[in-house]
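Work through the exercises below with the structure open. Each task is followed by a solution in steps.

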Amino acid sequence: MCVLSHYGFRLELDGERIGTRSGLLTRRHASANLSKLQRVLLSQSWLARRMGRLGLKCEVAAGSHSDGQSSNHRLSMLVPLGTVEQISAVLEKVAPQLNPDQLQWVPLHPLAWQRRLRPSVIVVSLLTLPAAWNFGPWVAALWPPIVTLLTLEARGWARYAGYACNERVFAFRAGWLTRHWTVASIGKGQAVLLKQSPFDRRHKMASVRLDTAGVSPTSFALQIPYLSADQAQALFDATSRAIAAGDHPSSGLNDRSAMRSAS
């Protein structure tokens with residue numbers, strides 16, 4: 001599938017328009033205006049990290065209708081697999097402000113790994129009990145190594161997780177074996193959400209999410225979880241002001257919205 005999809009892959013930049021061409025049996029061409037880029041997404045598997053490689057995607061505004069193309073044919077992949085230098089060079093050309101290497105990353109709450117670990121341990125424990133009852137006590141011996149693996153994942157995920165926010169961009173990164181980055185332009189944001197679940201309130205935490213147009217439901221979410229309540233409130237306020245200002249800080253409020261919720 002990689003050969004069929006990415007054979008002859010070519011990234012083209014023509015003025016303010018960026019496009020890609022690829023495919024072995026079926027040739028595929030997608031393009032969009034640079035001004036429509038909502039956010040960039042980077043991903044790096046464990047093997048790609050060992051080889052110094054990563055992938056770069058993008059999401060464009062109104063992707064399901066822009067340029068008369070369906071969502072299946074909109075611009076998405078910018079670099080299927082490239083070196084760090086190649087990725088940086090592409091970002092410098094198409095969206096220099098969205099380059100994650102230029103951002104100052106802030107870690108999550110120190111107890112974020114425990115919050116991430118606890119639901120997984122509860123689910124594994126609830127599944128282990130009936131399995132041990134039906135198949136024998138040997139099943140219970142699987143519980144310690146599984147929980148150990150989940151602990152390593154939670155600690156690794158939280159150690160790398162972080163966010164970055166300034167007057168221009170809103171970004172989140174996380175991952176253990178496979179790492180993901182999402183960097184969005186605040187000026188393209190449509191709504192910012194401050195969310196605090198009962199578990200968040202118990203641990204004095206909250207999460208902040210930025211919504212942009214044309215976002216794929218399968219993409220890495222731009223939601224920053226496990227922040228201290230004060231940290232989340234400050235991030236929410238700063239992002240709300242930046243969205244209201246848009247590209248012109250002195251222009252005042254526009255039709256974009258900021259929301260708060262507790263669930």
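Buried means under 20% relative accessible area, exposed over 50%, and partly exposed in between. The model is predicted.

**Exercise 1.** Find the aromatic pairs and describe their geometry.

Solution. The count is two aromatic pairs. One of them joins Trp 157 and Tyr 226, with 6.0 Å centre to centre and 80° between the planes, an edge-to-face arrangement. This pair links distant parts of the chain, 69 residues apart: Trp 157 is in helix α5 and Tyr 226 in strand β13. Trp 157, at 8% relative accessibility, counts as buried, and so does Tyr 226 at 16%.

Tyr 160 and Trp 181 also pair: their ring centres are 5.9 Å apart and the planes stand at 90°, so this pair is edge-to-face. Here helix α5 supplies Tyr 160 and strand β10 supplies Trp 181, 21 residues apart. Both residues, Tyr 160 and Trp 181, are buried.

**Exercise 2.** Which rings have Arg 155 and Arg 179 over their faces?

Solution. Arg 179 lies over the face of Tyr 160, 4.0 Å from the ring centre. Arg 155 lies over Trp 113, at 3.8 Å from the ring centre.

Technical notes
Residues are numbered from 1 along each chain as its sequence is written. This is a predicted model: local features need pLDDT of at least 70, side-chain atom pairs count only at pLDDT 80 or more; totals for chains, interfaces and linings use all residues. Side-chain values use heavy atoms; hydrogens and water are left out. Rings of Phe, Tyr and Trp (its six-membered ring) pair if their centres lie within 6.5 Å; planes under 30 degrees apart count as stacked, over 60 as edge-to-face and the rest as tilted. Helices (H or I, at least four residues) and strands (E, at least two) are DSSP runs, numbered from the N terminus. Buried means under 20% relative accessible area, exposed over 50%, partly exposed in between (1.4 Å probe, protein chains only). A charge sits over a ring if NZ of Lys or CZ of Arg is within 6 Å of the ring centre and within 35 degrees of the ring normal.
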